[in-house]
Amino acid sequence: MTTDHHLKGIKFIVRLSTDEIKQCKHCATPVGGDNFEDGVNHYIKCHGYKLLHMGSETVRDFEDNLCNTTIALVGLGRVFDANAYKIGD
Ligand SMILES: [Zn+2]
């Protein structure tokens with residue numbers, strides 16, 4: 001049996017979490033945290049990523065309490081080249 005795995009052809013992965021705010025690797029738009037779903041949509045719509053995985057993760061907060069976060073992995077079918085996305089200053 002052959003499997004057409006959804007990771008096939010993926011060369012670069014980004015992890016997004018409701019627990020942390022980052023900047024988009026391509027254009028510095030805030031992604032993650034309160035912008036979690038907007039961030040996932042941003043990578044898909046603006047930069048051609050595919051949603052590879054979405055799930056929950058249990059982490060500890062700064063007071064050592066357990067909390068649940070949601071994470072997403074989005075993948076790009078080409079090698080990420082940071083120099084190709086430099087923003088003019
Ligand atoms: Zn972007």
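Author: Two residues are in contact if their C-beta atoms, placed from the backbone, lie within 7 Å. The model is predicted: local features need pLDDT of at least 70 and side-chain atom pairs pLDDT 80 or more, whereas totals for chains, interfaces and linings use all residues. Residues are numbered from 1 along each chain as its sequence is written.

Reader: In what order do the elements of the protein chain run from the N terminus on?

Author: Elements are DSSP runs numbered from the N terminus, helices being H or I of at least four residues and strands E of at least two. The protein chain has 1 helix and 5 strands. Their order from the N terminus on is β-β-β-α-β-β.

Reader: Which strands stand at the edges of the sheet?

Author: Strands pair if DSSP finds at least two bridges between them. An open sheet is formed by 3 strands with antiparallel pairing, in the order β1-β5-β4. Because two of these have a single partner strand each, one side of each is left without a neighbour in the sheet; the edges are β1 and β4.

Reader: Which residue in β5 stands opposite S17?

Author: β1 and β5 run antiparallel and are joined by 6 bridges. Across this pairing, the residue in β5 that stands opposite S17 is I71.

Reader: Within what arc do the buried residues of α1 fall?

Author: A residue is buried if 20 or more other C-beta atoms lie within 10 Å of its own, exposed if 12 or fewer, and partly exposed in between. In α1, F36, G39, V40, H42 and Y43 are buried, whereas D38, K45 and C46 on the other side are exposed. The buried residues line one face of the helix, because seen down its axis they fall within an arc (of directions from the axis to the C-beta atoms) of 155°.

Reader: What covers the buried residues of α1?

Author: F36 and V40 are among the buried residues of α1. Their cover, and that of the other buried residues of this helix, includes β1, β3, β4 and β5.

Reader: Which residue with positive phi follows α1?

Author: The helix α1 has 12 residues. The residue that comes after α1 has a positive phi, near 80°, and is G48.

Reader: Why does A28 count as exposed?

Author: A28 lies in the loop between β2 (21-23) and β3 (30-32). Its phi is positive, near 70°, in a residue other than glycine. A28 counts as exposed because its C-beta neighbours inside 10 Å number 11.

Reader: Why does D64 count as exposed?

Author: D64 is found in the loop between β4 (50-60) and β5. Although not a glycine, D64 has a positive phi of about 70°. D64 counts as exposed because its C-beta neighbours inside 10 Å number 6.

Terms used. The expected span of a helix is 1.5 Å times one less than its number of residues.
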